[in-house]
Amino acid sequence: MNLLADLRRRFRIALELLDTGAGEVADMVLPSKDPKFGDYQANCAMPLGKRLGRPPREIAQEIVDRLDVADLCDPPEIAGPGFINLRIKDDWLLKNLSQKVPDQTQLGVVPTEQPRTFVIDFSSPNVAKPMHVGHIRSTVIGDALCRILRQLGHRVISDNHIGDWGTQFGMIIYGYKNFADDQAFEKDTVGELSRLYKLVNQLVEYHVIREKKIPAIEQQIVELAARLEQMHDATELEDPKDRKKADKRHRQAEGQLVELRATLDSLRNHLSAVENDSLLGPLASEHAQIGSAVLAETAALHAGDQTNQSLWDRFLPACLESIDETYQRLNVTFDHALGESFYHDRLAGVVEDLTERGLVRESEGAKCVFLKDDDAPFIVQKKDGAFLYATTDLATVEYRMSEWTPDAMIYVVDHRQSFHFKQLFETVKLWGYGDVQLEHVSFGTVLGEDGRPYKTRSGTAVGLGGLLDEAVERALKIVCENDDARDTPLLSQEQRQTNAERIGIGAIKYADLAHNRTSDYVFSYDKMLAMNGNTAAYMQYSYARVRSIFGKGDIDIDSLRSSGSPLQLTHPSERALALALLQLSETLQRVATDFRPNHLTAYLFELASAYSSFFEHCPVLKAEDAGLRNSRLLLCDLTARTIARGLNLLGIEVVERM
RNA sequence: GCGUCCGUAGCUCAAUUGGAUAGAGCACUGGUCUUCGAAACCAGGGGUUGGAAGUUCGAGUCUUCCCGGGCGCACCA
């Protein structure tokens, strides 16, 4: 049962009766923000008033006259400029809530009438390097969207587009050939590969800094300094406006200069740190050509070189295993994990096909799809003949379309790649896939407490495993402290550990999902593990608290659920809770339309608040009579199940006691 | 330079995509355990939504111009 959808359906009918085509404003029926305006409000009379050239209040009245909601709402009220306020009848709430009581699986969420097929592309780690903080958002948001869309009855195909064919593999191949420790490799393959990756990466980075970055910055500094000189000459401008502008530019340029010098210093420090390192220093000078050597190893792999291919075959399973460990811990699964290598032999065909259709033009030796004249083209083949990210993405689209014919393809990838996806989507349309909905579900950056992207003190990316470890560790500390503070502790050591795992991982996921995905957010263990506010820990606590009632009262909730014992609403807070319980369905629908899981966290938090208020005003175990007691127990049960289901749809587990 | 996103309470974030008096948590002040879990709850103070103008019944949201930032812009992914 989707209450909001039902109301909108009824409004659509009334609106069409009023004026053909007016049904489209039925979406302006929304839940009210303030209870004094009722439960729902329809705001469609105002725009319609404009369109029909008549007073909106008059229109509102005519809508109400044609509206068939007598079974659902009290008589609608018209307020202000033409708002129509709706209050759901208690009878109707009771009837629908009762249907949810025995519904174990769906909790009253009805499958959509128009199921669609979604391909969701998310997580996409590079296998040779360890997963880091940058993978959290894609993984967590993508997984939540899969779960929610499935709950709504859609067909969802999740696909992890793993980076298993790129330069990182060239790095570990080069590393293996030059620096491998065979014993370590036998003992701990993943650990050794990871060491090799880091080592080679450091060496490559050293030479890039030395030969490219530092000269580039030095030149920028020279140019900027020269520009500053010229600017001095321009301070004698007549027009105050021009002078102000010139001043601003001057200030900005000075700022940039300071920044560039600081960067230069830190890069030089980095170089000398490597040079003075007893291990890295000699290796750096011995492997002066490491950058091009790594590219050569990568190219050899792509060209089918026997040795490199067999190394790849040996390395890949170990890499995947390590990634799977993380996914297991996060409780994330995929239907497919078709990485870049899967598409390798299709890339030439993609370029051929695009060329045949006249979409490709050669420019500076590269094969490009030009989309807008003044923009950079979408390059599908480099001048050296190699294919790129863009080519693989196109091959992926082609494969998914032919294999699954989806209605929508969703990429959960950070916002920095929006230009790439814009180009990809435009190219795909030109290529002939006009119907499929292509969506870049982008998200912002995870920041540290200093407001800069979250990094370790030394400036490297924070590993995902360590991040989870720390969250769990902190959760364990909190769990133990609180349990020890009780007269008689509730939890065994084992339960404490399980709880800490669920609470810690849940905290990270929830914090990520609770923020509007398009904005950056500041990562803070203290905030995400707080017991107050919109956090996983608070929701898990709410759940455990509700559930404890059944133990305390020695209630067999399963049999009460199937007993047919009726519900009743005797207090405003009881009614508010009932209404909230009925709004899960429309909330999920809302998450699905704009791919924003934070609507669901907000809903859960409001539900928990509604429960708090109910719990304060309405004695449950000590209710006046047995009928009311049973009714309230059932409300508790529905609350617990709704919280558990909501969290589950976010990929978070509950705990029975904490 | 071009493109794009952002600026909301002291701090961290919401705001149903143009709806009614901009909401939460933290922090601050005060109140709740002799009745269901106080890891909690309730109440209070705190805002020119970066600034200015405009569009309209109605603007945090749309337009224009400023101020301040993030990110991306040809052969990496």
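**Entry 1**

I looked up Arg51 first, and at 42% relative accessibility Arg51 counts as partly exposed. The cut-offs I used are these: buried means under 20% relative accessible area, exposed over 50%, and partly exposed in between, with a 1.4 Å probe and protein chains only. This is a predicted model, where local features need pLDDT of at least 70, side-chain atom pairs count only at pLDDT 80 or more, and totals for chains, interfaces and linings use all residues. Residues are numbered from 1 along each chain as its sequence is written, chains are lettered from A and ligands numbered from 1 in the order in which they are written, and side-chain values use heavy atoms, with hydrogens and water left out.

Which side chain does Arg51 meet in a salt bridge? I found Glu24, at 3.8 Å from N to O. The rule for a salt bridge is a side-chain nitrogen of Lys or Arg within 4 Å of a carboxyl oxygen of Asp or Glu. This pair links distant parts of the chain, 27 residues apart: Glu24 sits in the loop between α1 (3–18) and β1 (29–31), and Arg51 in helix α2 (residues 45–52). Helices (H or I, at least four residues) and strands (E, at least two) are DSSP runs, numbered from the N terminus. Glu24 counts as exposed, at 59% relative accessibility.

**Entry 2: other salt bridges**

I noted that side chains of opposite charge can pair when their charged atoms come close. By the salt-bridge rule I get a count of 41.

I then checked Arg54, which forms a salt bridge with Glu62, the closest N and O atoms being 2.2 Å apart. Is Glu62 buried or exposed? Glu62 counts as buried, at 19% relative accessibility, while Arg54 is partly exposed at 30%.

Next came Glu481 and Lys477, whose side chains meet in a salt bridge of 3.9 Å, N to O. These two are four residues apart in helix α16 (residues 464–484), so about one helical turn separates Glu481 and Lys477. Lys477 is exposed, with a relative accessible area of 55%, and Glu481 is partly exposed at 48%. I also found a network: Asp6, Arg9, Arg10 and Asp71 are joined by salt bridges that share partners.

**Entry 3: a positive patch**

Which residues form a positive surface patch? I list Arg227, Lys248, Arg249 and Arg251. Patches are made of residues with over 30% relative accessible area and no salt bridge, with like charges joined within 9 Å and nonpolar side chains (Val, Leu, Ile, Met, Phe, Trp, Tyr) within 5 Å. Lys and Arg count as positive and Asp and Glu as negative, with His and the chain ends not counted. I took the place of a charge as NZ of Lys, CZ of Arg, CG of Asp or CD of Glu. Accessible areas come from the Shrake-Rupley method with a 1.4 Å probe, and for residues only the protein chains shown count as cover.

Helix α9 (residues 240–276) gives the largest share of the patch, three residues. Lys248 lies in helix α9 and is partly exposed, with a relative accessible area of 45%.

**Entry 4: aromatic pairs**

My search of the whole structure found 21 aromatic pairs. Rings of Phe, Tyr and Trp (its six-membered ring) pair if their centres lie within 6.5 Å; planes under 30 degrees apart count as stacked, over 60 as edge-to-face and the rest as tilted.

Tyr174 and Phe179 have ring centres 6.2 Å apart and planes at 65°, so I put this pair down as edge-to-face. Both Tyr174 and Phe179 are buried.

Tyr538 and Phe605 also form an edge-to-face pair, 5.8 Å centre to centre with 70° between the planes. Tyr538 is in helix α19 (residues 536–552) and Phe605 in helix α23 (residues 598–617), so the pair ties together parts that are 67 residues apart in sequence. Tyr538 counts as buried at 13% relative accessibility, whereas Phe605 is partly exposed at 27%. One aromatic cluster holds Phe342, Tyr343, Tyr399 and Trp404.

**Entry 5: Arg517 and the whole chain**

Where is Arg517 found? I located Arg517 in the loop between α17 (493–514) and β13 (521–522), and at 8% relative accessibility Arg517 counts as buried.

Last, I looked at chain A as a whole: 24 helices and 13 strands, with 48% of the 658 residues counted as buried.
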